[in-house]
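Dear colleague,

I am passing on a structure for you to look through, and my notes on it follow below the model.

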Amino acid sequence: MNHDLALDPAARIDGLLRSEPVLWLSSVRPEGGPHLVPIWFSWDGVRILIASKPHAQKVRNLRANSTVMLALGEPEDDFDVGLLEGRAELLDVPAAIGLPGYHLAKYADRMAAIGLGREEFLATYSQLIRITPTRFLPWHGRTIPRPAGESALENRLAAAIRRVAASIEPRPLGERSALGGFA
């Protein structure tokens, strides 16, 4: 393992931004309270782009305070996730013009699964939010974090298999299972 690459915060978080489908956006309500939502996003290697409903709470929050914190990744066994601090900017360009095609392509299957067409998405989530990261804060437990770009999905699948295997109670050989088969 390349430990330098594994420990570089920007590289690790870049890998998460390129592979994760959802991030958590934390903003500050005008009265000072926190607001946290999961959201779809695009990452161009420099900035994050989000399409939002124009009157959503997060948009009201960002009009008053552009400071945000983002979280992404699955905690898995050792809490290897990425956190970013950043500044948000509400763009004057509607999503139908300013949202890159790769954003819609990234979520095409998810949109289809909930019956949301391209035009309806662009009309509903018309407010673009551009976030420029100001600080990368990787978060992990006691182990050396995985290198940037290593498949988070593969790690999640392996962790899920370990959890299922650990939950299965061993049966003596020859004993019938609940499904009628033999062990």
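How many bridges join strand E5 to strand E6, and in which direction do the two strands run? Strand E5 (residues 67–72) and strand E6 (residues 81–94) are joined by 6 bridges and run antiparallel, strands being DSSP runs of E with at least two residues and helices runs of H or I with at least four, both numbered from the N terminus. Within this pair, leucine 70 has leucine 84 of E6 as its bridge partner.

Please bear in mind that this is a predicted model, in which local features need pLDDT of at least 70 and side-chain atom pairs count only at pLDDT 80 or more, while totals for chains, interfaces and linings use all residues. Residues are numbered from 1 along each chain as its sequence is written, and side-chain values use heavy atoms, with hydrogens and water left out.

The open sheet consists of 7 strands in the order E2-E1-E5-E6-E7-E4-E3, with antiparallel pairing, where two strands pair if DSSP finds at least two bridges between them. Its edge strands, each pairing on one side only, are strand E2 (34–39) and strand E3 (42–43).

Leaving aside residues up to four places away in sequence, asparagine 61 touches Ser27, Val28, Arg29, Pro30 and His35, contact meaning heavy atoms within 4.5 Å.
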